[in-house]
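Hi,

Here is the structure I promised to pass on. My notes on what turned up follow below it.

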Amino acid sequence: MARLRTRKHKVVLNRSVGGDIGINVLLVLMGAFMFLPMLYVVMQSLKPLDELWMFPPRFYVMSPTLKNYTDLFQLMSTSWVPFSRYIFNTVLISVLGTLGNLLLSSLAAYALAKIKFPGRGWMFQVVVLSLMFNSTVTAIANFLTMSTLHWVDTYLAIIIPAWGSSLGLYLMKNFMETSVSDAVLESARLDGASEFTTFLKIAMPMVKPAWLTLIIYSFQGLWNAGNSIYIYSEQLKTFNYAISQIVNAGIARAGAAAASQVIMMAVPIIVFIISQSNIIETMGSSGMKD
């Protein structure tokens, strides 16, 4: 009779040791392949100008230097608007836009997925249809709306549209339908919980992978947002826009441009690293049976 394999006193899948090693090697190779673009960006930021313009280009750096970063910070210090203001604008827009998108998308998704009312199917079809329209197509209509509301050249012109992202609603609604048990919600209602309490304390913890994914997606999109047709004042523009204005002044600033790409890439990666362990953990433990 075959004996079950155990690891840390827990029964594991009855795979051979060679199979486990093969899977781990494959995962390491895939992870290294996916990491190569980020490593290349870092390598580019450490290259002096003569290596940046070398042909054919080389992946590795022969004479690493931090001059690109010092040049970037010197250029930032010459801006007539303090760079701390650009960073504040970006952080404010990213945080408020992400939180608003998460809250409104979750509330709407809960209503569409778990509360029966006339027209909810038609409403969700409208949400799905809205995913087909590119932002460029709706730019004129959106600008007219912002102008009518007197939101042009204000933070609201960027934050409020982020709250209404239909992709977040689509993601949360589909996840709530498959991961939130109707029986659990009904039990909470029978125990006297209000609808909002049921949503906040029952439904939201069960869809933690979905809203963590939404946070990553929304934050990354807002953080990397460049120039906006709604913002004219220099004091309201984002860090990404300010960086692009500095490094696009000529080939002599190619090193500073490479360093700026690392800075812009670092924050979304840190947000993902902080959240990804929770996503993986809850993906494996959030399933429930009626």
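**What was found**

A nonpolar surface patch of about 1,100 Å² is formed by Ile23, Leu26, Leu27, Met30, Phe33, Met34, Leu36, Tyr40, Phe59, Tyr60 and Met62. Patch residues have over 30% relative accessible area and no salt bridge, with nonpolar side chains (Val, Leu, Ile, Met, Phe, Trp, Tyr) joined within 5 Å; the areas are Shrake-Rupley values with a 1.4 Å probe, and only the protein chains shown count as cover for residues. Leu26 sits in helix H1 (residues 17-45); helices are DSSP runs (H or I, at least four residues) numbered from the N terminus.

Please keep in mind that this is a predicted model, where local features need pLDDT of at least 70, side-chain atom pairs count only at pLDDT 80 or more, and totals for chains, interfaces and linings use all residues. Residues are numbered from 1 along each chain as its sequence is written, and side-chain values use heavy atoms, leaving out hydrogens and water.

Now to the helix packing. The axes of H4 (residues 83-114) and H10 come within 11 Å and cross at roughly 105° (lines fitted to C-alpha atoms over the stretch in contact, with angles from 0 to 180 degrees between N-to-C directions). H4 and H10 are therefore roughly perpendicular to each other (65 to 115 degrees). Ser106, Leu107 and Tyr110 in H4 meet Glu195, Phe196, Thr198, Phe199, Ala203 and Met204 in H10, contact meaning heavy atoms within 4.5 Å.

Helix H10 (residues 195-206) also crosses H11 (residues 208-223) at roughly 75°, their axes coming within 5 Å. Here Met204, Pro205 and Met206 in H10 meet Lys208, Pro209 and Trp211 in H11.

Finally, the whole structure holds five salt bridges (a Lys or Arg side-chain nitrogen within 4 Å of an Asp or Glu carboxyl oxygen). One of them joins Lys114 and Asp182 at 2.8 Å, N to O.

Best wishes

Note on methods: Helix = DSSP H or I, 4+ residues; strand = E, 2+ residues; numbered from the N terminus. Patch = residues over 30% accessible without salt bridge, like charges linked within 9 Å, V, L, I, M, F, W, Y side chains within 5 Å. Parallel < 35°, antiparallel > 145°, perpendicular 65-115°, else oblique.
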